Amino acid sequence: MWMLEIPPFVPFFISALIALATRGLLRAVIMTIIPVISMLQLWMVPEGIHLQFTFLSFELILYRVDKLSLMFGYIFHIAAFIAIIYSLHVRDTSQQVAAMMYAGSGLGAVFAGDLITLFVFWELLAFTSVFLILARRTRRAYAAAMRYLIIQVLSGVLLLIGAVFYLADNATLEFAYLGLDGIAGWLIFIAFGIKCAFPLAHNWLTDAYPEATVTGTVFLSAFTTKVAVYALARGYPGTELLVYIGAVMTCFPIFFAVIENDLRRVLAYSLINQLGFMVVGIGIGTALAINGAVSHAFNDVIFKGLLFMSMGAVLHKTGRINASDLGGLYKSMPKTTVLCMVGAASISAFPLFNGFVSKSMVMSAALENGYDWIWLILLFASAGVFHHAGIKIPYFAFFAHDSGIRTSDPSNNMIMAMLIAAGLCIAIGIYPAALYSLLPYDTGYNPYDATHVLAQTQLLFFSALAFVWLNLRGMYPPERPSTNLDFDWVYRRLFPTMLRSIFATIWKLDKRFRQRAINKIESHFVFMSKKYSQLTELLLRGYPLGSMVLWLVVVLSCYLFLSVIY
Amino acid sequence: MESKKKHIFDEVKNVKRLLNCLYVCCALLLILDFVIHRHVSHHWERLWAFYPIYGFLGCVVLVLVASWIRRFLMRGQDYYDGEGIDYKEKDKEVGQSLSHVRGKGEGHDVDA
């Protein structure tokens, strides 16, 4: 059937075009229906290569379907559907068109079968998503969007250079296992790493996501980083370096999250923490670990989306997102409170919520493969993520001290989107077999044995106890309006300051050098003019015009004399 | 009107109840450690109450270290404002484009 050969990004791009030309209800209906139709179509697609063509003697594979890409295809459809419903109230064409293009680019990237197609969608992800940040229309958002764009495009450029090297080495552009041997492997690895928010390359995420619009952040949280996780799972499974990078990613953001005041930035840090679990899983590379990484990516899109939606609802209704300004909102936003707590339970991996069924796979895989220390770090990170995303987010927004803000739950479409996400969190948590049947490998893993459940519950309850104890003792760091320095300080403060002082020195030296040169030239002029004035004095001496005429007469008469002789 | 209404956690009694509930749950979970036979794969897991202790200590260390690094990392809220670029002109432009969009009847994002 020819319909099956249409890659899923096509309907999304077409609907973006339609959204450009339509308004109101019609646009809303089209935007909501497209992911559903596209999902049904994807459901029927068999595995294999469905669309490829030759362009300038390169074999380009536009649409390749296998279990790994299908998994991400499904979750991107679900994420797009939920986020579109969440943003139905928005009346902003640029944002809505950008969101559709962005979701389409994400789908294009995961079904791309060669590196050039991947590069095209990789860059499209950056160019389309930046409008979701710009649409906030504030000075801070504008600056954050520019930094985001520069870093994202840099990642794409590295990918392209890597692809060129790869072509030269292997005479093929097919996107399969790449590995870290050779410069091509490393360049592409760094490109993926930047998009996956590896440590020191992570600041674009914590910088841009909290500055995007309320609905934009929900889209952003679903696609870019998950495309990077997919790319790593495809290109670098079993690369041991990833285990250590992932372990660092799970740990360091939780320290920042504990002291961060902007609650959406807290969620951005916890997004890096969750990515860490996936990266560790990919690094271990066994069937169980890859399954864990992929299913955790799947679940993360849902619960992180839910958390960003609930915090978005708070920002939307109150205009504030700093923990120091909020509190006591459970009184006026009860539905949002409950839905947020479902998301918090899911990200903390409580049994019967979806985080539990995927996170335990990565942890089990770490233990089975002898990564004892990594397992301990992951365990610490699990307790930590419960501490900031599971407790801090709901506590400071909805409970804590009463800020006196009285508002109401957000509009129905926003509540509906959160309900769908929360429903999925619980459904997958209760019946994980549905998710496991879609996974790339069949490992027969069962998360619900007494050991796992008890261990995880103990870990979480005693983390909660620690929070309570610290709070009652007054040892918990109070929420203050502040900016916390992170690695972005290097390129936002250190480099500019250094460059400014270096350039100031260069200008100063340059000025001095030029001044000296000018002085030299001037003294030469003075010398020359002195010489010249002596000469003129000799020649003119008080009868300037007369002596000139005299000399002219002398020259002419000489000339005449000579011409008469010859 | 709304603020006069008593909510569940306005009563100190209810907060105490919730906390007591948490303490009881924690105690039960500790007792379960003896009851449930666990098949462990790491020798640390055999230690009595390994997970509860690790969870509790992990979080306390996390918060203490975080408050310590806050001393070096915390700056004023407007620390990065005016990053060497004069945004005033930009703001005007953005404002104009916003009013332009509004003028077209398109409306702007009601967000934020």
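In this predicted model, helix H2(A) packs against helix H3(A) through a set of side-by-side contacts: Met31(A), Thr32(A), Pro35(A), Val36(A), Ser38(A), Met39(A), Leu42(A) and Trp43(A) of H2(A) meet Leu70(A), Gly73(A), Tyr74(A), His77(A), Ile78(A), Phe81(A), Ile84(A) and Ile85(A) of H3(A). By class, the residues of this contact are 12 nonpolar and 4 polar, with no charged residue.

H2(A) covers residues 24–44 and H3(A) covers residues 67–86. Their axes come within 9 Å and cross at roughly 165 degrees. Angles over 145 degrees count as roughly antiparallel, and H2(A) is therefore roughly antiparallel to H3(A). The crossing of H2(A) past H3(A) is left-handed.

The largest pocket has a volume of about 1,100 Å³. Its lining is made up of 31 residues, and those nearest the pocket centre are Met341(A), Ile391(A), Tyr395(A), Phe399(A) and Leu18(B). Helices of chain A and chain B each give two or more residues to the lining of this pocket, as tabulated here.

| Helix | Chain | Residues |
|---|---|---|
| H13 | A | 334–347 |
| H15 | A | 372–398 |
| H18 | A | 450–472 |
| H1 | B | 12–35 |

Which helix gives the largest share of the lining of the largest pocket? H18(A) does, with 7 residues. Sorted by class, the lining of the largest pocket holds 24 nonpolar, 4 polar and 3 charged residues.

Definitions and conventions:
Residues numbered from 1 in each chain as written. Chains lettered and ligands numbered in written order. Predicted model: local features only at pLDDT ≥ 70, side-chain atom pairs only at ≥ 80, totals over all residues. Heavy atoms only, no water. Axes fitted to C-alpha atoms, helices over the stretch in contact; angles between N-to-C directions. Helix = DSSP H or I, 4+ residues; strand = E, 2+ residues; numbered from the N terminus. Parallel < 35°, antiparallel > 145°, perpendicular 65-115°, else oblique. Left-handed = near helix turned anticlockwise from the far one by under 90°. Contact = heavy atoms within 4.5 Å. Nonpolar A, V, L, I, M, F, W, Y, C, P; charged D, E, K, R; others polar. 1 Å grid on protein atoms, 1.4 Å probe; cavity = no way out; pocket = protein on both sides within 12 Å on 5 of 7 lines; lining within 4 Å. Points joined across faces, edges and corners; volume = space filled by probe spheres on them.
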